[in-house]
Amino acid sequence: MKIKVYRRVLLAALAAGAIFSGLISLLRLQQGRSVSAFVTPPVTVVVDAGHGGEDGGATSGTGIRESQLNLEIALRVDDFLKLCGLPTVMVRQSDLSIYDASASSISEKKVSDLRNRAKLVNQTAGSVLLSIHQNHFSDGRYAGAQVFYAPTEGSKTLAERTQQVLIDAVDPSNHRQAKPAETVYLMNHIQSPGVLIECGFLSNDAEEKKLQDAGYQKKLTLAIVCALTEWLEEEAETSEV
């Protein structure tokens, strides 16, 4: 199967508003196989909804917490991945942090939470990390999804693929590029491929509204899954050479 076939189907489905039928078409392109059938060695996708619990992350002008949107989108990503036949692990499935019971202060809880997320990724065999976040800046003009990558093998190519599919399928006016996650603790403490996806800017009023829309969330998540599928197939083809 040629790379970018998935993307052509995705773009057509999004243009027609047929998001779920687009996913079915992607599955049919695999001729009845799940994505995991051509992935060697097997992978498990760790889906991380950033922040949670006491740590709400960024807050929009209307009071929407980043952690809430992260979880909504991450749950959609997890559902789509399962439909594609890929094993997944969710870091969190509700509004909570995963810090140790011994952590007491907010600072200790945040540190413990990040360490436990990295530990979960590293203890998951064949892990690939998708960490879902929302951006925020003091100037409300800025908008657009952006992907950051860990300093591990395969992360840069996954980030670049994801960035391009998000542009092609969701926002052609977005000129952002994938960048290294130089100061992100989680990205710098995992041993497997991983990307952090800033889905949009909560500080931009128009984008905040879109990020809360279920249809827009489905577009984002299908684009992310499509990019991962393309990348996995490309990695499998490379390993066969």
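Predicted model: local features only at pLDDT ≥ 70, side-chain atom pairs only at ≥ 80, totals over all residues.
What volume does the largest cavity have? The legends below take this up, view by view.

View 1. Residues are numbered from 1 along each chain as its sequence is written, and side-chain values use heavy atoms, leaving out hydrogens and water. The largest cavity has a volume of about 80 Å³. A cavity here is a set of points, on a 1 Å grid over the protein atoms alone, where a 1.4 Å probe fits but cannot get out; lining residues have an atom within 4 Å of a point. A volume is the space filled by probe spheres set on the points, which are joined across faces, edges and corners. Look for H51, Y99, K109 and R117, which are among the lining residues. The lining divides into two nonpolar, three polar and six charged residues. In this count Ala, Val, Leu, Ile, Met, Phe, Trp, Tyr, Cys and Pro are nonpolar, Asp, Glu, Lys and Arg are charged, and the others, Gly among them, are polar.

View 2. Searching the whole structure gives two cavities of 30 Å³ or more.

**View 3. L166 in the largest nonpolar core.** L166 also belongs to the largest nonpolar core, of 45 residues, where L81, L166 and L228 have the most contacts. Such a core is a set of buried Ala, Val, Leu, Ile, Met, Phe, Trp, Tyr and Cys residues joined through side-chain atoms within 4.5 Å. Helix α7 gives the largest share, 11 residues. Leaving aside residues up to four places away in sequence, L166 touches A145, V147, D171, I197, L220, A223 and I224; contact means heavy atoms within 4.5 Å.

**View 4. A223 on helix α7.** A223 sits in α7, residues 214–240; helices are DSSP runs (H or I, at least four residues), numbered from the N terminus. A223 counts as buried because its relative accessibility is 0%, and buried means under 20% relative accessible area (1.4 Å probe, protein chains only). Although A223 and Q164 are 59 residues apart along the chain, their C-alpha atoms are separated by 9.5 Å.

Terms used. Helix = DSSP H or I, 4+ residues; strand = E, 2+ residues; numbered from the N terminus. Buried < 20%, exposed > 50% of the residue type's maximum accessible area, 1.4 Å probe, protein only. 1 Å grid on protein atoms, 1.4 Å probe; cavity = no way out; pocket = protein on both sides within 12 Å on 5 of 7 lines; lining within 4 Å.
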